[in-house]
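Here's a quick walk through some aromatic rings and a helix. Have a look at the model first, then read on.

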Amino acid sequence: MDISPAKEVEDNNSLSTDTTEGRGGTKAWLTVFGSSLVYFSTFGIINSFGFFQELYQDDYLPATSPTTIAFIGTLQITLMNVLAAPAGSLFDNYGFKFLYLCSGLGGSCALVALSFSKPQILWQLFVIQGVLLGTFIAFGAQPALVIVVQHFVRRRALTMGLVAAAGSGGGFCFPLIFARLAPHIGFAWTLRVVAAIFLFIRSCFVVAFYVSSTNAPEEPNANNSALLDFEGFRDITYSVTALGAFIARYNTLAHRFQGSYCTSANPHSSAKDYLLPLMNAASLTGRILGGLTADTTSATDVVYPMTISSGLQCLALWLVSDNIGILVAFVILYGFCSGVFIALLPVIVANVSPSNRLGGRIGAFYSVLAIAQLIGAPIAGSLIGPGEGYARLIIFAGTTLIVGGLIIFASKYAS
């Protein structure tokens, strides 16, 4: 089924509420601001795991394999996505305030606990950074995204891109903080300083709590079966899009291993500390411009070429040369394209979902993608081997992005 921009807007107008907020307005834009604050303070930490990967690998857990270390970040993101389905359905039924409160307080406490973790004790990092942070972030990030979808039709892609861009902004700031502080005050104290910063940023949740509004029902819905809403997979467009996104979801591999790859290929270069911030900054731009473009065309027509382009960049730039200049060019281009992919996927899902079940449908979509992220880390680690370096990993990442992009393109014609 080919969904044109006009058809998307028409369909979504029929699903939206009759209130002013359903099509924009002051309350709607304040909600975008509140969601952006939540994304900055949560995804800023998640998007910084490339720093943790390298630091754990080189200093904090030198006897632990890269695959095992990568699984800490993978577990964090996987839990965030797996729990997106119940978090989204809870939002549909009860609103966002209790979820924001739990996520803000819980995430802050988890970071404080992480700041006191001990070197060489792997289970502490798994429990605190993988399980606790992933869980608490899910119950803040998912409502922050869906609440914006409720308020906009004509500018839906742009506003969701702005919220996603705030996550990239956090991903730009936090790695720089880590890179600057760790050499001077050590890893443990760096974590404590960052925990204190995050406690300050926790006020983001307080601000978001008061400025955000929702069209969710005022009375709780006691239907517990609604906590898991997988009915969307009966829609062929929804299912084919999910398949393409599932395959392309391995694009997180490039984020995860840029620092360690640069260290391996150029051990004396200081560029490794800036690759992840550069990628996140480029991703921020992609999320905003991708949203602007999708509002005038369609989200699918923007996502699939950018996804295919990401794969081609892996094969044509990252694979062929370890020159620092080429690597920086790859990081910027790839970050831009992957930012479009990340920001607009939920727009595609929202455009084929009922407005009163957006939380559950978007959450179910991402809970399936979590499986790709869960198995991606061990696959990536196994592809990095002595004598072969990162070549097999790069080929794998590029191929999955291209195939995933082609399947997302095919979803336009699914019926």
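## Rings and a helix

Phe233, Tyr238, Phe365 and Tyr366 are joined into a cluster by ring pairs. Keep in mind that this is a predicted model, where local features need pLDDT of at least 70, side-chain atom pairs count only at pLDDT 80 or more, and totals for chains, interfaces and linings use all residues. Residues are numbered from 1 along each chain as its sequence is written, and side-chain values use heavy atoms, with hydrogens and water left out.

What counts as a pair here? Rings of Phe, Tyr and Trp (its six-membered ring) pair if their centres lie within 6.5 Å; planes under 30 degrees apart are stacked, over 60 edge-to-face, and the rest tilted. That rule gives 13 aromatic pairs. Two of them are set out here:

| Pair | Centre to centre | Angle between planes | Type |
|---|---|---|---|
| Phe49 and Phe52 | 6.1 Å | 20° | stacked |
| Phe233 and Tyr238 | 4.8 Å | 90° | edge-to-face |

Phe49 and Phe52 sit 3 residues apart in helix H3 (residues 49–60), about one turn of the helix. Helices are DSSP runs (H or I, at least four residues), numbered from the N terminus.

Buried or exposed? Buried means under 20% relative accessible area, exposed over 50%, and partly exposed in between (1.4 Å probe, protein chains only). Phe49 is buried at 3%, and Phe52 is buried at 2%. In the other pair, Phe233 is partly exposed at 27%, whereas Tyr238 is buried at 2%.

Now for helix H13 (residues 299–318): its 20 residues reach 27 Å from first C-alpha to last, close to the 28 Å expected at 1.5 Å a residue. The expected span is 1.5 Å times one less than the number of residues. Buried residues in H13 include Tyr304, Cys314 and Trp318.

How values were computed:
Helix = DSSP H or I, 4+ residues; strand = E, 2+ residues; numbered from the N terminus.
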